[in-house]
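Let's walk through this one together, a stop at a time. Keep the viewer open and click along as the residues come up.

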Amino acid sequence: TAIFVLTAVTSIITSFCCREVSLVCPDKEPGLQPWMPGHSEDHRVTISNNSTVLLTTSATVHSIEILSGGKLVIADTNRPILLRTKHILIGNKGELHIGSPDCPYKGNLTILLFGRLDDSDEEHSYFGRKYIGVGSGGTLEIHGERKLSWTFLNKTLHPRESSQNNYLFQRSWGNRGIIIHVIDPKTGEVLHDDRFDTYRSKNESYRLAKYVDGIKPGLILAMMVNDEGSNNLEDSAKKSISRLGSKHIGSLVRPQASVSIDMMSNSSILELADHPAGWGPGDRVVVASTDYSMHQAEEFTLLPCPTCASNQLKVRGKTKFIHMGEEVDGVDMRAEVGLLSRNILLRGEMEPSCYGNEACKFFNFDTFGGHLKVNSSVIHISGMELQHMGQQTMGHYPVHFHMNGDVDERGGYDPPTSVSDLSIHHSFSRCVTIHGSNGLMVKDVVGYDTLGHCFFTEDGPEERNTFEHCLGLMVRAGTLLPSDRDSKMCRDITDGAYPGYVPNPRQDCSATSTFWIANPNNNLINCAAAGSEETGFWFLFHHMATGPSNGSYSPGYTEHTPMGQFTNNRAHSNFRAGMILDNGVKTTQANNKDKRPFLSLIGARYGPHQDSDPFKPRVPALIHHFTAYKNQYHGAWLRGGDVWLDDCQFADNGIGLTLASGGTFPEDDGSHQQVKNSLFVGESDNRGMPFPDKRIWGPGGPDLTDRTLPRGIDFPIRGMQIYDGPINVQNCTFRKYTALNGRHTSAFGFRLNNSWQSCPNNNVTNITFDHVPITSRVFFGEPGPWFSKMQMDGDKTTIFHDIDGSVSEYPGAFLVKEDNWLLRHPDCIDVPDWKGAICSGHYAQIYVQTRNPANLNMQIVRDEYPDRPLTLEGALDKRKVYQQFQPVVTLAKGYTIHWDQAAPAEVTIWLINFNKNDWINVGLCYPQGTTFTILSDIHNRLTKQTRKTGVFVRTTHKEKINHLHLARGYFYWEEDTGLLFLKVKAHNHRETFAFCSVKGCERVKITAIVPKGSPPSNCLAKAYPKHAELPIVDVPMPRKIPTARLVSNEIKMIPTPHYFPHITRKLERK
């Protein structure tokens, strides 16, 4: 072991001189002692005691530790430097400098970190092995050449084609003499060819001269010599050829080209949106996929191109896939082009195959790369390439900020800590990890081909960090966290699970994301998530801070934290979604009640409020100018209160956008979600290319052209998926949604196999359709592939409000499922192709909660349609202690409720979306001999407090149930039919988007003593026709927009057998 200590050179510099010195390049500062350590893997170097060292040559050492005033500077020379070491540790008051912001490093430097996972060396307790570690009080400054980090294609790149025509003089040159090809410069096509044996005959020379003189201006002449061609080449031919610029025509002895032509035919020209500043021959670039599969990303090496325009590059090879370089159907689908090469390279030295750890079950390559870890330090990194970095072990990532606290001005850092202009590629665990650190700037970073979440915030307290103009692509599953793992890993890795745990991969794991954001108060600006095994951007929530951050905030803090800036981001070529705002991670250890491992994916609800306080005003999460295309399942799935989208674009996604509320009972009552001024494209002109098995290749779009498809041949593509609500869709355009035979494509659709509620306050207005047949505007679903049996409660109760008639062409109408007779009336208009109906009315919801038993089914019947009962199975698992049924009802009507078991001992009816004085009458079926206690109350879900407001007393006159007051109501027990009648009525005002009143949720609670052994409580046969009523239209149907043609004898469409039957209606409302 050698301890390397240099004596510091002391200099006294005035404050005036300091300003001068600040511009001096680090390797030109006075006092630096040249260092040439040679090559020894056993040489352990320590630089300390104010030593200042300048590394001037390549070197190999075991390790370098810099501390206690020690300083290492890398010389910027015209000779490449390779520094090979197991680790570099920068301790307190230690410094490593490679260039500076004012003097970027211009040479070529490679730092190679070597070592194996199973090395006999004792690993560092904090940094581990194979690292650059910056401890508390250390300084790391790395600044490479300034180069454009990434841009877009500006012209579509087609497979096996080049945007510059090339010509190759084939080796089949024929026999001896001079061979001539005349080439079209625009196409590269050979127009004429001939051979002249100028070795044998002067006549051939005369013929050559005449041939050359006769070539039209503007064409290219390529001339080759085979064997020998000068023996009888006379002056007239030489002069003719010399006039074209040839300098070698007098000595054609060996086979050679007499004119300079481009022989590199295996090349392509990339036309970019920006000038690729700093990019040069030999650099590597990656071009992102613009189809559903992220694996269509391709790497290229740059070639010299003196004739290229300032925004063009020549690359070696031809592309295998289409890469879009243009706007398609109004959506920017240009492929991202990222620079991988930098003049400073930090690379892990790798073994040829996987060895010695659990990761080898899943990877056949070595995953023990290098890593860079920072703790409470001064650090600025720019212009660096990181390759083969990261490890499939916890805490070892290419760039890792670990428990740094505030790293911006708030933490006293001036300038603030930042990483910029990095390329991190072919790595083995993430790209940039921010852990317990706030205010970090991550800018112009390209992350490509890595395992696990790429841009990663870890424990939940990370706030105010900014990701600006970052690109991530080819993000694959890793083993570290449940959310990193794919299905196989999820099943095989169950560390930390409780005995008996059975993994459910799609729920517990399978969340690999390009941007994994554990606290919404972070900024994402101009970023691109261009291909992940699962999701592009995923905002999720730690109910409690985890890991070493545990206790840093109160439970539930992040679920109420307002979102930072999310502007001008894009996501494509992801499997699950372009963006998800939903879910959390399990912040408790596994136990018998919940056997899932720590940090498994779980449910969570987002409701942003001022100061993260749910008792203060709501603050909308704003998503502006987000583009999502070619994501196989969702463009975006966003759950929570007050999530507002504006000026967004969704194209070629399985489902464009789903806005989900906080759940059955949103804790953030009164919130809503909206999308405005946005574009939805179903099947664009970006048709992609077929996979080898063609499993998702088939006809689509208005012209039925073959194309790649998001999930399968018959997947029901939807633009806006209406789920629970309330939502508002305003001033949006839907383009190119066309249903085919067996594929139920629609602009508006509904969540499939849905057990949850559907809100009548889901509003749409000012909708424009472009190349969308009327038959494809809406589809409510039908039994079959993907839709299953359509027997779940949410499948049966779908509804939305067409405010201005821009969908149905009946202003103010509601669109309902065709067989939901709780909502229909005699004047509703059937639209068979939608499996829906256009209706009018006043609608609300009741939530019927039942206990003892909870595993029963409910039938609800409207008195006007007694032969059309609606059977509901309940929204909750049958094993729950209570069940909840959530029908949408027409107000001011009468209903009866029946059960497939003995009536429950406890029934609570919640009034949802009832305005003041809204009411319905309800008759609930009970066995004879049942006795009742009925009261009304108001429940405040925020404070979890319930206040009794009144009681119901029995009356012997059914009509008296209408004499309802706040403190007293009446119930009528009709024992011969088994029906308990009462009126439920709202007594308080409700805010526009609230489910409940301003005072809380008004409820009626029925507690019954039901005789033991009672049969199923189904009173239908006795209730009707006794209580049947004639259907009445309370709200007249609106007048049809005069210029519309929804209901006509025939809708003209492209003649094809693939369309659903045309809408034909006898009724046309004037």
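Which residues does the UniProt annotation "domain: G8" cover? According to that unreviewed entry, the annotation covers residues 33-155; UniProt positions are given in the numbering used here, feature names are shortened, and annotations may be inferred rather than shown by experiment. Some ground rules before going on: this is a predicted model, where local features need pLDDT of at least 70 and side-chain atom pairs count only at pLDDT 80 or more, while totals for chains, interfaces and linings use all residues. Residues are numbered from 1 along each chain as its sequence is written, and side-chain values use heavy atoms, with hydrogens and water left out.

Back to the annotated stretch. Over residues 33-155 the chain is 41% strand and 0% helix, with helices (H or I, at least four residues) and strands (E, at least two) taken as DSSP runs numbered from the N terminus. The end C-alpha atoms of that stretch are 52 Å apart.

Now for the charges. The structure holds 52 salt bridges, each one a side-chain nitrogen of Lys or Arg within 4 Å of a carboxyl oxygen of Asp or Glu. Take Arg570 and Glu336, whose closest N and O atoms are 2.8 Å apart. Arg570 is buried at 7% relative accessible area, and Glu336 is buried at 1%; buried means under 20% relative accessible area, exposed over 50%, and partly exposed in between (1.4 Å probe, protein chains only). Arg334 and Asp332 form another salt bridge, at 3.0 Å between the closest N and O atoms, and both of these residues are buried. Asp830 and Arg824 meet at 2.7 Å, N to O. Here Arg824 is buried at 5%, while Asp830 is partly exposed at 27%. Elsewhere, salt bridges that share partners join Asp291, Lys630, Asp652, Glu683, Arg707 and Arg743 into one network.

On to the rings. There are 37 aromatic pairs in the structure; the rule is that rings of Phe, Tyr and Trp (its six-membered ring) pair if their centres lie within 6.5 Å, with planes under 30 degrees apart counted as stacked, over 60 as edge-to-face and the rest as tilted. Phe537 and Phe626 make an edge-to-face pair, 6.2 Å centre to centre with 80 degrees between the planes. Phe537 sits in strand E37 (residues 535-542) and Phe626 in the loop between strands E42 (621-624) and E43 (627-629), so the pair ties together parts 89 residues apart in sequence. Phe537 is buried at 0% relative accessibility, and Phe626 is buried at 0% too. The planes of Phe715 and Trp786 are at 90 degrees and the ring centres 4.8 Å apart, so this pair is edge-to-face as well. Phe715 is buried at 2%, whereas Trp786 is partly exposed at 31%.

What about the cysteines? The count comes to eight disulfides, taking a disulfide as a pair of cysteine sulfur atoms within 2.5 Å. One of them joins Cys354 to Cys360, S to S 2.1 Å, and with -90 degrees about the S-S bond that link is left-handed. Cys490 and Cys509 also have their sulfur atoms 2.1 Å apart, but their link is right-handed, with 65 degrees about the S-S bond. Cys490 belongs to helix H4 (residues 487-492), and Cys509 to the loop between helix H5 (505-508) and strand E34 (513-517). Then there is Cys470: its closest cysteine sulfur is in Cys527, 4.6 Å away, which is too far for a bond. Cys470 is buried at 0%, and Cys527 is buried at 0% as well.

Finish at strand E63 (residues 858-862), where five of the five residues are buried. Met858, Ile860 and Arg862 point one way from E63, and Gln859 and Val861 the other way. In a regular strand the side chains alternate between the two faces of the sheet. E63 runs antiparallel to strand E67 (residues 894-899), joined by five bridges; strands pair if DSSP finds at least two bridges between them. Val861 has Thr896 as its bridge partner in E67. E63 also pairs in the antiparallel sense with strand E64 (residues 870-872) over three bridges, and there Ile860 stands opposite Leu870.
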